[in-house]
Amino acid sequence: MDRLLTLLNENARLTTKQLAVMLNETEENVNNAITEYEKNGVIRGYKAIINWEKVDGNNAIAIIELRVSPKRERGFDEIAGKIMSLPEVDSVYLVSGGYDLAVVIHGSTMQEVAMFVMRRLSTLDSVLSTATHFVLTRYKADGIIMNAAEEKDGRRDLSCD
């Protein structure tokens with residue numbers, strides 16, 4: 001049923017009947033598998049992917065690099081838990097490389113995000129430093145090309161010359 005997860009990840013609006021046909025399974029088997037995945041925490045939720053640039057011009061997304069001091073016996077889990085509990089935070093990832101955590105924030109404006117980082121995120125115990133990167137254009141998000149249906153504008157791409 002791993003193919004079921006792939007299909008749901010690509011389009012969570014498919015009905016169990018459609019999924020059953022695509023998987024050559026019974027609708028009952030598909031329903032049972034989905035219920036089991038939800039119960040075991042494999043499926044964590046269902047979500048629409050919105051191109052906010054088409055809805056509202058007042059939208060800012062930032063990726064924030066955090067260097068943190070992990071706690072003895074608890075590692076990074078404690079500080080990650082505090083950050084996850086903040087309502088402005090969309091995603092938190094433990095990463096390898098030059099920093100420890102990558103945090104994705106959504107806000108109305110760049111200034112709102114900057115103030116959140118300054119007042120709420122950087123002041124948390126264990127946070128050693130932050131670096132904020134604002135997303136200027138989302139070309140692809142969660143496997144979806146964000147502006148696929150739009151015609152390319154007529155301006156010449158100077159980077160190809």
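**Notes on the helix packing and the chain**

1. The side chain of Thr16 makes a polar contact, at 2.9 Å, with the side chain of Glu27 (a polar contact being a pair of N or O atoms within 3.5 Å, where, within protein, one must be able to donate a hydrogen and the other to accept it, and residues adjacent in sequence count only if both atoms are side-chain atoms). Thr16 lies in helix H2, and, leaving aside its neighbours within four places in sequence, Thr16 is in contact with Glu27, Val30, Asn31 and Ile34 (contact meaning heavy atoms within 4.5 Å).

2. This is a predicted model, in which local features need pLDDT of at least 70 and side-chain atom pairs count only at pLDDT 80 or more, whereas totals for chains, interfaces and linings use all residues. Residues are numbered from 1 along each chain as its sequence is written, and side-chain values use heavy atoms, with hydrogens and water left out.

3. H2 packs against helix H3 (residues 27–39) at an angle of about 110°, the axes being 8 Å apart (axes are lines fitted to C-alpha atoms, for helices over the stretch in contact, and angles run from 0 to 180 degrees between N-to-C directions). H2 is therefore roughly perpendicular to H3, a term covering angles of 65 to 115 degrees. From H2 the contact involves Thr16, Lys17, Leu19, Ala20 and Leu23, and from H3 it involves Glu27, Val30, Asn31 and Ile34.

4. The axes of helix H1 (residues 2–10) and H2 (residues 16–23) come within 11 Å and cross at roughly 130°, so the two helices, H1 and H2, are oblique to each other (under 35 degrees counts as roughly parallel, over 145 as roughly antiparallel, 65 to 115 as roughly perpendicular, and the rest as oblique). Here H1 contributes Arg3, Leu4, Leu7 and Leu8 to the contact, and H2 contributes Leu19, Met22 and Leu23.

5. Gly143 is placed in the loop between strand E5 (140–141) and strand E6 (144–145), and with 56% relative accessibility Gly143 counts as exposed (exposed is over 50% relative accessible area, buried under 20%, and partly exposed in between, with a 1.4 Å probe and protein chains only). Although Gly143 and Asn9 are 134 residues apart in sequence, their C-alpha atoms are 9.2 Å apart in space.

6. For the protein chain as a whole, there are five helices and six strands (DSSP runs of H or I with at least four residues, and of E with at least two). Of its 161 residues, 25% are buried.
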